[in-house]
Amino acid sequence: MSTSSQLRFQKAGAADPRPGGSGRTPIAYIILVLFAIVAAFPIVVMFFNALKTSAELATNPIGPPTNPQWGNFAEAWERGGIGQGLLNTAIIVFFTVIGTWICAGLAAYALARLDLPFKSAFQTYLFVIISLPVQSFIVPLFFLWVKLGLVNTLQGLIIIYIALNTPFAVLLLRTFLVNIPKELDEAARLDGANELQVASRVILPLTWPGLLTVGLVVGLAAYGELQFAVTFILDPALLPISTTFLNFSQGQTQLFNLINAASVIIVVPLIILFLFMQRQFVAGLASSGTKG
Amino acid sequence: MIDTSYASTAAPAASDPHVAGRRRPPKSRPRRSRLQRKSRRVALLFFLPAIAVNLLVIGGPAVSSIGYSFTDWNGISPPNFVGLDNWQRMLTDAAFWSVMRNNAIYLVVLVIIPTSLGLFGAFLLARIRRGSTVFRAIFFIPFLLISVVVAQIWRNLLSPDTGIAAALDSIGITWLNDVYFLGSQELALPTVIGVHVWSFIGFTMVFFYAAIKTVDPALIEAARLDGVGVWGEFWHVVIPGIRPMIVFSISFAVIAGLLVYDMPRILTGGGPAGASDVAALLINRTSIVGREAGYGTVLALTLTLISGVVIGVITYLRRKEEN
C-alpha cells in the first residue's frame, strides 16, 4: 500500500511540482531528523551502555563504549534469570496466540459466514467487552482464580490473555471473512465437506493475512504485558520475562550495564521482527487499540 | 460495521433458494429448513469457545463486581451486605480524589501532545520525497519496546548519577545535578507522563501518516492550485480528510490515560507520597494487597463509569457531526 501511494505521490509531484516544494522540504527534513533523534537517542544509549563496564559507565554515562564488553550479555542472561523468563514467556505467547486463533477464528467465522442466531447481540457484547477497562473485572477475577487454583500457573495467565485478546481478534478476522466470496464455501459444501472442513480447508487459509496480524499483535501484547503478569504470578520459577526483568532491574540497581544488556536481549527480537513485518504491525496495532 | 453484517446475513438468504431451486426442485424445502436449524446450532457451537472464555474471565467478574460493591468483601470470606457504605467512603477518600486529579492530568497531556505532534510529524512525513520509510521505522520503535524496558531506559537517563545529568556534569553543565526527576514531588508525575508520551507519540505519527496517504491526492492538488499554502492545505484538506482517524486516536489516548498502570507502577510506584499515583495502582493496592476487595470494586466501577461516559460523549459528538 505504501509503495503504490508513494509512487502516485511522486508522479503527481513530477507533473506539477508543489509550490515552493524544494524550498520547504529541507525544513521538513530538519524537523523530522530532530524527531528521529529524540526517538532513537535513548535506545542508542541503551545499546551503548549494554557494552560498558560498571567503571566506564560512571565516567562515560551516555557515549559509545571504548572497549565493548560482549561478555555482558552472557552475564546478564545468567544473573537476571533471563533464560527462564524467556522460556516462560515463549510458552505463554505460543499458547495465547494459538488459543486466540482458535477462539476468535471460529467465532469470526460464525459471525461472518454462518447463520448465527442473536448475531447483533453477540456483536454488541464484543464491542462492550473491548471498551471495558481491566479494572472493572480484575478484582473479582483475581479471587476467582485463587479459588480455582489458577493463580501462580502459566495456564491461568494464558486463559486471561486469550479472553482479553479474543474480542478485537474476532472483529478483525470478521472483516477478512466477510470479503471471501460465498461461492467458494458453497462449492465445497456441495462436494460434501462439513462445516469444520469448510472452515479449516477453504476459508481459514484465505484469511491468513488477518491471522498473521492477529498473531503479531497478540504475541506482542503477551510478550510485554505487565499488569496481569505481576498480579497473577508470584512464583519465581514461573515469572514471564517482563516481571523477571522488573525484579532484576529493581533489585540490582548498581549493575546498570547488565540491566541494559538484559534490555537489549529482550527487545532485539521485537525490533528484528518489526523490521521484517512493519506493515502488519502498524495495521494490526491500529486495529486493536489494546496496547497503551 | 453493523451495516455490512446485515448485508452478509441477507446474502445467503437471497442466494440460497436460487441455488437450491436450480439444482433439486420441489422436495428440498423441508430438508433445507432442517439444514438451516442445524447450521444455526453449528454456528452457536463455533461461537461457544470465545464467549465461554470471555464470560469466565471478563463478563462474569465484571457483573459480579457490581454486587460486591455493596459488601465488605475481602476476597476470601463470604461478603456481608453494607449498603452504600463503600460509595460514601469513596467520596470522602482523599486518595481517591488525588488519583482522579492525576489521571485527569495524565489523560489531557496524553491526548494533546501525541495528537498534535503526531499530526505535525505525519504531515511532514507525507511531504518529503525520500526516506519516509526509514523515519517511520525509527519513530515506531519506541512504541514497540515493552514498558518495563522503556521505563528502565529512562530511569537510567534521568538518574543524576548515571544519565544525562552526569554527562552534562562532565562537560561543566551542573544545573541538572540535583534534579531528581522521579523522586521529586513536583516532577514525578510530569516525568512519568513524559516517558509515556515518548513511547506513544511515534505510533500516532505513523498511524496518521498512513491515514494522510489515503486522502485523495486530487483534493490536495486542487488546494495547491488554489494557492492555499502549506497551512491551508493542512487545516482545510488533510485534517478534515482524516478526521475519523483523529477521533479514533484521541479515544485511544483517553482510555490509555484513564487506565494507565505500567509507567507509574514501574517508574515511581505512585510516589513520592502519592504524587504520581493513579487509579489503577490505587485499585490494585486497595483490593489485592489491602484485601479491601469490596471497596476496591467501588473504585473500579467508578473508573469504568467514567471511561464509559467519556467514550459515550466522543461517540455522540462524532455521530452528531456526521449528521
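A residue counts as buried when its relative accessible area is under 20%. By that criterion helix α13 of chain B, residues 279-289, is mostly covered in this predicted model, with 9 of its 11 residues buried.

- The buried residues of α13(B) are B:Ala279, B:Ala280, B:Leu281, B:Leu282, B:Ile283, B:Asn284, B:Thr286, B:Ser287 and B:Ile288.
- Elements of both chains contribute to the cover over these buried residues: from chain A, α7 (135-148) and α12 (227-232) are included, and from chain B, α4 (94-127), α11 (243-259), α12 (262-267) and α14 (293-322).
- B:Arg285 forms a salt bridge with B:Asp277, and their closest N and O atoms are 2.7 Å apart.
- B:Arg291, which follows α13(B), has a positive phi near 60 degrees.
- B:Arg291 sits in the loop between α13 and α14 of chain B and is partly exposed, at 36% relative accessibility.
- Another residue other than glycine with a positive phi is B:Ala273, whose value is near 55 degrees.
- B:Ala273 is placed in the loop between α12 and α13 of chain B and counts as exposed, because its relative accessibility of 74% is over the 50% limit.

**Interface between chains A and B**

- In chain B, 106 residues are in contact with 110 residues of chain A.
- The two chains bury about 9,900 Å² between them, and carbon and sulfur atoms give 74% of that area.
- B:Phe46, B:Phe47 and B:Arg129 supply 8% of the area that chain B buries against chain A, more than any other three residues.
- The interface holds 1 salt bridge and 5 residue pairs in polar contact, with both residues of each pair at pLDDT 80 or more.
- Helix α2 of chain B, residues 28-68, gives the largest share of the side of chain B that touches chain A, with 22 residues.
- That side of chain B divides into 67 nonpolar, 26 polar and 13 charged residues.

**Nonpolar core**

- The largest nonpolar core has 186 residues.
- The residues with the most contacts inside this core are A:Phe228, A:Phe232, B:Phe47, B:Tyr106, B:Phe139 and B:Val149.
- Helix α8 of chain B, residues 188-212, provides the largest share of the core, with 16 residues.
- Leaving aside residues up to four places away in sequence, A:Phe232 touches A:Ile138, A:Leu141, A:Phe142, A:Trp145, A:Val151, A:Asn152, A:Leu157 and A:Ile160.

**Salt bridges**

- Over all chains, the whole structure contains 6 salt bridges.
- A:Arg79 forms a salt bridge with A:Glu75, the closest N and O atoms being 3.2 Å apart.
- Both residues lie in helix α4 of chain A (residues 71-80), 4 residues apart, or about one turn of the helix.
- A:Arg79 is partly exposed at 48% relative accessible area, and A:Glu75 is partly exposed at 35%.
- B:Arg40 forms a salt bridge with A:Asp115, with 3.6 Å between the closest N and O atoms.
- This pair joins two chains, because B:Arg40 lies in helix α2 of chain B and A:Asp115 in the loop between α5 (82-113) and α6 (119-131) of chain A.
- B:Arg40 is partly exposed at 36%, and A:Asp115 is partly exposed at 32%.
- B:Arg127, B:Arg224 and B:Glu233 are linked in a network of salt bridges.

Technical notes. Residues numbered from 1 in each chain as written. Chains lettered and ligands numbered in written order. Predicted model: local features only at pLDDT ≥ 70, side-chain atom pairs only at ≥ 80, totals over all residues. Heavy atoms only, no water. Buried < 20%, exposed > 50% of the residue type's maximum accessible area, 1.4 Å probe, protein only. Contact = heavy atoms within 4.5 Å. Buried area = accessible area lost by both parts, 1.4 Å probe. Salt bridge = Lys/Arg side-chain N within 4 Å of Asp/Glu carboxyl O. Polar contact = N/O pair within 3.5 Å; in protein donor to acceptor, adjacent residues only side chain to side chain. Nonpolar A, V, L, I, M, F, W, Y, C, P; charged D, E, K, R; others polar. Core = buried A, V, L, I, M, F, W, Y, C linked by side-chain atoms within 4.5 Å.
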